[in-house]
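Morning, everyone. I'll take one interface first, then a single residue. Please look at the structure on the screen.

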Amino acid sequence: MPIASPAVDQVGILDRVERITKRSIKNESKVQGLKMALNMIDLTTLEGADTEKKVIQLCNKAQHLHDAYPGLPTVAAVCVYPNFVSVAKTNLKGSNIKVAAVATAFPAGQSSREVKLLDTKMAVDAGADEIDMVISRGKFHSGEYAFVFDEIAAIKEACGNARLKVILETGELGTFDKVRKASDIAMAAGADFIKTSTGKISPAATLPVTLVMLEAIKDHYYNTGVQVGMKPAGGISNAKLALQYLLLVKETLGADWLNNNWFRFGASSLANDLLMQLVKQDTGLYQSKDYFSKD
Amino acid sequence: MSKKTIAINFDTGWDLNPAPESTSHIQLNEQYQLFIGGKWVKPESGKYFATINPATEEKIAMVAEANEKDVDKAVKAARKAYNDVWSKMPAAERGKYIYRIARLMQEKARELAVIETMDGGKPIRESRDIDIPLAAAHFFYYAGWADKLNYAFPNRHPQSLGVAGQITPWNFPLLMAAWKIAPALATGNTVVLKPAETTPLTALKLAEIIQESGLPDGVVNIVTGAGATGAAVVNHKDVDKIAFTGSTGVGKIIQNAVAGTNKKVTLELGGKAANIIFEDAALDQAVEGIINGIYFNQGHVCCAGSRLFVQESVYDTVLRKLKDRMESLVVGNPLDKNTDVGAINSKEQLATIHNYLKIGKQEGGEMYQSNCSTPKKGYWCKPTLFTNLSQSNRIVQEEIFGPVLAVQTFRTVSEVIEKANNTPFGLSAGVWTDKGSKLFNLTAQMRAGIIWGNTYNKFDPTSPFGGYKESGFGREGGLHGLKPYLKF
Amino acid sequence: MARAEILKTYKIYIGGKFPRTESGRYYTPKQDGKSLGNICLSSRKDFRNAVVAARNAFGSWSNATAFNRSQVLYRIAEMLEGRKAQFVEELMQQGSSKAKAEKEVFAAIDRIIYFAGWCDKYSQIFSAVNPVATSHFNFTAPEPTGVVSVVAPEDTSLIGLVSGIIPVIASGNTCVVLVSESKPLCAVTFAEVLNSSDVPGGAVNILTGHTKELLSHMASHMDVNAFLYARGDKKELLEIQKQAVENLKRVVHYDFSDVYAEKHQNPYYIEDFVEMKTTWHPIEKIGASGSGY
């Protein structure tokens, strides 16, 4: 487990992010960015009201984002609760789209180790390619870092071949220093991805918090040679913001992270806004939401 | 996948398309006269000089060259305006005119930003987000002081001096004009301003704004020209006050010239600031501060953090992070909204910088430049740093005024204090540490006028600016910036 | 036939909105026997709602940069200048001569400009770096007090109101103002000016009504931090001072009977509604010649 994480200066982070947001992305570079972003989406439904039919509809959307526009990439994955993994698997057969499942008593993570392991195992056994776990924020705030570390390591073991995304729930951590510490713990414990949020807490993903995590990933890479992915999730609903996230990646971690193996967006409504912007770039006409399927 | 070396690959294949700021809305004349007594006046000599866009080497406009006679006219106009109108006007009314100038600058901010970038080569991001808003904010801030001077200097009955002669540099043309004019007007003085010869356009646009504001004729006069014009302003017998921003060499000439006269002087001169990184600092943000400290405005900044001191225990990490960050700096067309580092201001300045790069290498320094391409035309210098240096190297001692960083290491607090202060300059310094008590120790020990803690190159109209030692004397900005324009 | 004029309905101003009073009541002040309109007779509940709005606005207004507050105050003056004819007309309706009305409006505009200038300067006058004997960096700087109750003068409609409100909000306080009972027109129109001047909703709340009915609530409310009384009634002042004790409200009294006088333009009116905060921070002692340990 990492002994001490480096300090993070909030004002400096905000200044750096402001410079990113002042960048201008136009023409071909915009189209390229929009397609890249589409391809990085974990299309997500995590509602108490989810049903099999809803999940099937989502899987359909994932494979047919907007067939009127030829040559579009698909999203990276569909993200559901463990009990819908098999439905999603069945309905995504033949595509390259992965199935991700949230596990470990998502979203609060308030349960026993046994339940969390079982939750994970259930998703993995059903065929989940990726597991999105939540850390125990209560233990983290109590200073029980070893507990948090051990739990992640245990879940990682239970994942087998499935890739593990570790949700820090940054909106509950309070400071960038804490975000940095949680990132370092998660990576040391074996996370394949670190992820900002469950989407159930506000604030969810933000550019500044993502920058803090990207810098943690970069230091981890230089220190160990191990590449860890990044997934901001929640609150990213428009194309402009998504492109700014990609710029952060471009200028912090470069080419090796700028693909859906190592960068994901957790989002539900982002896809349609990206599509609207793509069609706008193509036709020159500002678009209406009525022309893009909602699932 | 083949086995990779551990390095960040910034060649992403996702390059941003050009995003040039539009120049269609700006209004520029082909030829500019002198602004004297509220009117545009032809120069006595009939001579004009070209002002060049350093990014394209193309001529933008011809500008009048003022000689001694023109300067005399300008001083007389300023004296007349002082005697007849400005010194008699109620202070609150004076303030309202300055507010008007501030508002007009805000209204025309984008036009001013584009012209500033064309004339001087600085990135539009900086002129748009820093130079112009700050310049307007200076007028806004000092406008409010006009009728409040008694509160700034209680029991001292502050009075204006008369005519102020002001000479501004080419690195922040409009901002420096604002730093000079705003406090002078607020304190009830009239002005003869001589902007730098390579970047006179925004000062001339300011003259148009001043006309539009209805400021009484002659309160602000703007005479363009080179060193001889500046000398005529400095040596004019009826000037009560000289304010100069520029090189230490010229500053000394001015101090010599005014010796024996009653002229008040403020000098804001060169610098060779230490930017000090301790091992406990937030290193990623410190690196951002190093970048901002030295590559802001191509390093054409008197307070640039040109001497970097890194604590030995984090030297490798900081250098690695710094080099990575340098890779994401976009160098090129200053009008492009994505440009981080623009054009070197003039051919002469580029030659000076190149000469220092040569000296640096000759003296054993190890040079590193970012892997960016630069345009064929125009004056460019890639972001540069030198390692393997010591205090005795010339590029550590002398002001380069370009995007060139001199990196050294240190072990202890006392060592870095000694090294940082081991310079004839004393304008600014930066300190990066997560420990407050260490930060305040360093701010107390640095012999410099501005100390930035965990930040760099921040400016505000309320915050005084100026140097110790050979970086000059007097302060500009804030309450303290009023004093050089007053007698008691 | 002559065109029928559209008559203005005078409302109160709470949280950036223009409701009528929740009580539904009105009163009809008269000038020379002529009605000035059906003016809202605000209730204690209106006041209560206004305090909630003022407290909510305190965070954003007090956290705005000094430069930003300065710009906003300047904007108020700009908007007022643009609508001066309306104010002159209302002042004349309330009994002023044209010359007096113009004088009042111009004085009000200039006074706002005056205080706009102080927003980013008053702390430079009132702050100090204190040379304490230990190795500490120690400084004192002002911060706004909080929510302020303001009772504006009775005898002027605009200049007294402006002279009361502007210095209070210059530092970042928010306020609830009870305006002149007999000359309420300019206050309501001034609320419209504030509303179009980038002043956040709730920073200034303006109530019309009976002083007798509202005064004790304004003075006793536990979430109000200070009170500005700008009238001359000694009995009312005493009542305020007594009621203020419960939560130690700072009570400030200005005699605005000569409200035009230059003495009513000074930064101490801002200082009256700030708290002084002192911060201590250690300074490590290591010099160029080595450390002191």
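Start where two chains meet: 30 residues of chain C are in contact with 29 residues of chain B, contact meaning heavy atoms within 4.5 Å. This is a predicted model, where local features need pLDDT of at least 70, side-chain atom pairs count only at pLDDT 80 or more, and totals for chains, interfaces and linings use all residues. Residues are numbered from 1 along each chain as written, chains are lettered from A and ligands numbered from 1 in written order, and side-chain values use heavy atoms, without hydrogens and water.

How much area do chain C and chain B bury between them? About 2400 Å², with 62% of it on carbon and sulfur atoms. Buried area is the accessible area (1.4 Å probe) lost on putting two parts together, summed over both. On the chain C side, Tyr74(C), Lys121(C) and Glu284(C) lose the most, together 24% of what that side buries.

Now the charges. The rule finds three salt bridges across this interface. That rule wants a side-chain nitrogen of Lys or Arg within 4 Å of a carboxyl oxygen of Asp or Glu. One salt bridge joins Glu284(C) to Lys435(B), with the closest N and O atoms 3.3 Å apart.

Over to chain A. Is Ser136(A) buried or exposed? Ser136(A) is buried, at 6% relative accessible area; buried means under 20%, exposed over 50%, partly exposed in between (1.4 Å probe, protein chains only). Who touches Ser136(A)? Leaving out residues up to four places away in sequence, the list is Gly109(A), Lys116(A), Phe147(A), Val148(A) and Glu151(A).
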